[in-house]
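Subject: Structure for you to look at

Hello,

Here is the structure I promised you. Please open it beside this email and follow along as you read.

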Amino acid sequence: MVQNRWFYLESGRNDAFHNMALDELLMEKVRQGEIPAAIRLYEWETPTLSIGYFQKMEKEIDIDRVDEYGYELVRRATGGRGVLHDRELTYSVVLPENYPDMPDSVTESYRILSQGLLEGFRNLSLDAHFSIPRTKEEKKELTNIRSSVCFDTPSWYELVVEGRKIAGSAQTRQGGVIMQHGSILLDVDIDHLFDMFTYTNERFKEKMKTAFKEKAVAINEISDRRFTVEDLYPAFKEGFEKGLDITTEPYVLTDSDRVRLEEIRKKYASDEWNYRR
């Protein structure tokens, strides 16, 4: 990719609806030509289960359990499976589809944008790399959706450390704009994660949990150092700058941005949006 200047937002801890709305606001601003592209790093005020745009809420999610834990619940604009956002740093990347050297293919653009994640993990001295399916059997496995849990679902160009998936991402394209966002896990409570979803029986649920432990991992499970989320911000800011060959400057929301943000937030907080499927 050619070097370019992007905006950078470190938006801190906010509720689920604000977080989803801010991604959409950035997409609007890129679409309207107000900003060229943006990287955002952020956190969640309350542990939140986000579900993919196409997931069926009442069929796949144990809504009563989510309420019992006091977690928030929101539907993303991106596809993919359910993610419990808790002890993590979340990222989003927003840019035009016609950005120089950006492939038309979703798969190939995912690989390029995830290069920033790869460099971020390397900044933490983690030996991350892309796992690329090469055989027919490996490619067929990508169509095997085992459960409603994001990190249990295989995808192209997964970032792996020691053979286990370490980042989960999803992408959408709307009106000529690409938005990719995802989770960088510090730690994960597997019991709580799997409690959020419905299963045909307890035995199948335990089987899925065991498989998850074999396929996914959080940073602090495999690092000799105990990282905090504050350690991740500079590592991944610099990682995206290097991986995407960009420079960044801070972006500060304007008064009109905040008005529009509140308008969009109402959509993500509504039952009409979250229970649409």
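Why is β2 largely enclosed by the rest of the structure? The reason is burial: 7 of the 7 residues of β2 are buried, so the strand is largely enclosed. Both of its faces are covered. A38, R40, Y42 and W44 are buried on one side. I39, L41 and E43 are buried on the other.

Please keep in mind that this is a predicted model. The mean pLDDT of the protein is 88. 90% of the residues reach 70 or more. One stretch needs care: over residues 138-154, pLDDT stays under 50. The model still has 56 contacts beyond four places in sequence for that stretch.

Now the overall picture. The protein has 277 residues, and 57% of them count as buried. It contains 12 helices and 12 strands. Take the contacts with a separation of 6 or more: 79% of them come from residues 24 or more positions apart.

The six-stranded sheet

β2 belongs to an open sheet of 6 strands. Their order is β10-β11-β6-β2-β1-β12, and the pairing is mixed. β10 and β12 (246-250) are the edge strands, so called because each pairs on one side only. From one strand to the next, the twist averages 25 degrees.

Look at two of the pairings. β1 and β2 run parallel and are joined by 7 bridges. Within that pair, F7 has A38 of β2 as its bridge partner. β10 and β11 (residues 177-185) run antiparallel, with 8 bridges between them. Here G168 has S183 of β11 as its bridge partner.

Two helices to find next. Helix α5 (residues 115-123) packs on this sheet and touches β6, β10 and β11. Its direction makes about 155 degrees with that of β10. Helix α1 (residues 16-31) lies across β1 (4-14), β2 (38-44), β6 (88-96), β10 and β11. It runs at about 175 degrees to β2.

Is α5 largely enclosed or open? 7 of its 9 residues are buried, so α5 is largely enclosed by the rest of the structure. The buried ones are Q115, G116, L117, L118, E119, G120 and F121. After the helix comes S125, with a positive phi near 65 degrees.

Find S169 in strand β10 (residues 167-174). Which side chain does S169 join through a polar contact of 2.6 Å? It is the side chain of Y91. Leaving aside neighbours within four places in sequence, S169 is in contact with Y91, Y110, L117, Q180, H181 and G182.

The three-stranded sheet

There is also an open sheet of 3 strands, in the order β4-β3-β5. Its pairing is mixed. The edge strands are β4 (72-75) and β5 (83-85). Neighbouring strands are turned by 25 degrees against each other on average, direction ignored. Strand β3 (residues 48-51) and β5 run antiparallel, joined by 3 bridges. L49 stands opposite L84 in β5. α1 packs on this sheet as well, touching β3 and β4. The direction of α1 makes about 25 degrees with that of β4.

The cores

In soluble globular proteins, nonpolar side chains tend to be buried together. How many residues does the largest nonpolar core have here? It has 39. Those with the most contacts inside it are W6, L95, L117, F121, I166, I219 and F236. Helix α10 (residues 229-243) gives the most to this core, with 6 residues. Not counting residues up to four places away in sequence, F236 touches L41, L89, G116, L117, G120, F121, L124 and I184. Another core lies apart from the largest one. It has 27 residues, among them F7, F17, A21 and Y53.

A last stop

Go to R164, in strand β9 (residues 164-165). R164 and K213 are 49 residues apart along the chain, yet their C-alpha atoms are separated by 8.7 Å. K213 is among the residues that R164 touches. Others include L159, E214, V217 and I222.

Best wishes

Technical notes: Residues are numbered from 1 along each chain as its sequence is written. This is a predicted model: local features need pLDDT of at least 70, side-chain atom pairs count only at pLDDT 80 or more; totals for chains, interfaces and linings use all residues. Side-chain values use heavy atoms; hydrogens and water are left out. Helices (H or I, at least four residues) and strands (E, at least two) are DSSP runs, numbered from the N terminus. A polar contact is a pair of N or O atoms within 3.5 Å; within protein, one must be able to donate a hydrogen and the other to accept it, and residues adjacent in sequence count only if both atoms are side-chain atoms. Contact means heavy atoms within 4.5 Å. pLDDT is the predictor's confidence in each residue, from 0 to 100. Two strands pair if DSSP finds at least two bridges between them. Axes are lines fitted to C-alpha atoms, for helices over the stretch in contact, and angles run from 0 to 180 degrees between N-to-C directions. A nonpolar core is a set of buried Ala, Val, Leu, Ile, Met, Phe, Trp, Tyr and Cys residues joined through side-chain atoms within 4.5 Å. Buried means under 20% relative accessible area, exposed over 50%, partly exposed in between (1.4 Å probe, protein chains only).
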